[in-house]
Amino acid sequence: MRHKVGLLPYDDDTCGWVRLLPPRKNVRRVEGRMSFDWAVVGAGYAGLAAARRLAEHFPEHSIAVIDAQRAGEGAAGRNSGFAIEIGPSPNAKVVSPEATYGRAYRINRFGQDQLRQLVKKYQIDCDWREVGKYQSAAEEHHFGRLETFARHLEALGIPHEVIERDELAARLGTRHYKRAVLTKQTVLVQPAALTRGLALNLPSNVSLLEESPVLEYETGADVKLTCPSGTVRAKKVILATNSYLPQFGAWADGLIPFTLTAALTRPLTDEEHERLGAPEPWGVISIHRFGATVRYTVDRRILIRNTIEYWPEITMSRQDLYARRGLIEQSFRARFPQLPDVTFEYFWTGVICASRNFTAGFGKIAENVYAAGGCNAGGISRNTALGTLIADYAVGATSELLSEVLAMPTPAWVPPRPLRDIGVRIDLARRRRGLGAEL
């Protein structure tokens, strides 16, 4: 079977997380004819975790990680930097906390544990902060969602704290939010630094091949991957391209990419920092699924992400990106009126991958080809776990958590284009209702 890959990643080059890192040299690409025992496509959280797990199982095997961009500069390095343990279910009619939250919590905690060990082992400088996240409401009519979330956390014994407006303002430096549930096990990171650190500390039998988009793949006794300047043959392949999995023919009728925009301010001065109340680094995620995500970083910058859109071609032009600048600035001024002179240094786009039933794609998709992805906006923790577990599955290993993942429903069906385009946009418009001050 031969499959041509449709769209290829192309992100704008203005991501603040990436541009704050020193430039890299000595990138190795796919060139000529190359052969490995295993190939992993995608150097994000899932792909890097899968390669590492394969190396644990088979230290004598050769393993390649192939990415269309440089590790840490694609979607994995462009998110808001929350390695979450749990988030509120988008389903308001949750009956069983265990069925809805329990499995997600175990998967995410497994991913967190994998990352924590690696950050400590390799001393990865990624601003790793185990400070939790504030699931927050800016309007009182969203309090019910917070109460339901807190009730389910309580039922499962997941550490959390309900915080009211005055205490919340003291911690965050803004009175914009009226109530929050602090989930205490979320980790905040600099995502590009974390991804780069993971990629540059792979086991010795893993080769990192970057700037080598896979244009097509062909299955048979082995798998042939064709890139612009060469080919890779491998006995088995794991696809870990998340939003681009449908381009490889994996759950093309179930996984949907969404394009987001974000911005990062210049560092606050000492005086501006004091004006906020000299807070410690924090992260806020709106209880409304389409509300703004906000962070105060270790280096005193403020990040805001407040748009989620459906772009069938995934890539957003620079003109379209800057057309959304006003929405981000509007969110910033509403939250921080005491910082009128603070400006944004970086604006960028990123992508997430979701499904109608908020589940992931996971399993064998062709002879000698396995795939995992569909983070549903929980990519750092969740995709790290899924990458580790898809490697276990590919080699025939077993575990209770792997059994739980295999028991998940597959991504729910969505119609082909153009019906998909119309339906997704209508659904997004419906879900944005009541956004108000959460924007």
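The buried residues of helix H6 are Pro191, Ala192, Ala193, Leu194, Thr195, Arg196, Gly197, Leu198 and Ala199. This description rests on a predicted model. Because 9 of the 9 residues of H6 are buried, this helix is largely enclosed by the rest of the structure. The elements that cover these buried residues include helix H1 (16–19), H2, H3, strand E9 (206–209) and helix H10 (379–395).

The N-terminal end of H6 is capped by Gln190. In this cap, a side-chain oxygen of Gln190 lies 2.9 Å from the backbone nitrogen of Ala192.

## Packing of H2 against H6

Two packed helices are described by the angle between their axes and by the distance between those axes. Helix H2 spans residues 45–57 and helix H6 spans residues 191–199. Their axes lie 10 Å apart, and the packing angle is about 25°. An angle under 35 degrees counts as roughly parallel, and H2 and H6 are therefore roughly parallel to each other. The crossing in which H2 passes H6 is left-handed.

On the side of H2, the contact is formed by Tyr45, Leu48 and Arg52. On the side of H6, Pro191, Leu194, Thr195, Leu198 and Ala199 take part. Sorted by class, the contact of H2 with H6 comprises 6 nonpolar residues, 1 polar residue and 1 charged residue.

## Packing of H3 against H4

From H3, the residues in contact are Pro97, Glu98, Tyr101 and Gly102. From H4, they are Phe149, His152, Ala155 and Leu156. By class, this contact of H3 with H4 contains 5 nonpolar, 2 polar and 1 charged residues.

His152, one of the contact residues of H4, has a relative accessibility of 5% and therefore counts as buried. Along the chain, His152 and Ala391 are 239 residues apart, and their C-alpha atoms are separated by 32 Å.

Asn205 belongs to the loop between H6 and E9. With a relative accessible area of 16%, Asn205 is buried. Its side chain reaches the backbone oxygen of His61 at 2.8 Å. Leaving aside residues up to four places away in sequence, Asn205 touches Ala55, Phe58, Pro59, Glu60, His61, Ser62 and Ile63.

Thr293 is placed in strand E15 (residues 293–296). Its relative accessible area is 6%, and it is therefore buried. Again leaving aside residues up to four places away in sequence, Thr293 touches Ser80, Phe82, Val284, Ile285, Leu303, Ile304 and Arg305.

## Backbone features in loops

Trp251 lies in the loop between strand E12 (230–239) and strand E13 (255–265). Its phi is near 50°, which is a positive value in a residue other than glycine. Trp251 has a relative accessible area of 16% and is buried. Asn368 is found in the loop between strand E18 (361–366) and strand E19 (369–373). Although Asn368 is not a glycine, its phi is positive, at about 70°. The relative accessible area of Asn368 is 12%, so this residue is buried.

The peptide bond that leads from Arg417 to Pro418 is cis, with omega near 5°. Pro418 is located in the loop between helix H11 (400–406) and H12.

## Arg430 in helix H12

Arg430 is part of helix H12 (residues 419–431). Its relative accessibility is 41%, and therefore Arg430 counts as partly exposed. The side chain of Arg430 makes a polar contact with the side chain of Asp427, at 2.6 Å. Arg430 and Cys375 are separated by 55 residues in sequence and by 22 Å in space, taken from C-alpha to C-alpha.

Terms used: Residues numbered from 1 in each chain as written. Predicted model: local features only at pLDDT ≥ 70, side-chain atom pairs only at ≥ 80, totals over all residues. Heavy atoms only, no water. Axes fitted to C-alpha atoms, helices over the stretch in contact; angles between N-to-C directions. Helix = DSSP H or I, 4+ residues; strand = E, 2+ residues; numbered from the N terminus. Parallel < 35°, antiparallel > 145°, perpendicular 65-115°, else oblique. Left-handed = near helix turned anticlockwise from the far one by under 90°. Contact = heavy atoms within 4.5 Å. Nonpolar A, V, L, I, M, F, W, Y, C, P; charged D, E, K, R; others polar. Buried < 20%, exposed > 50% of the residue type's maximum accessible area, 1.4 Å probe, protein only. Polar contact = N/O pair within 3.5 Å; in protein donor to acceptor, adjacent residues only side chain to side chain.
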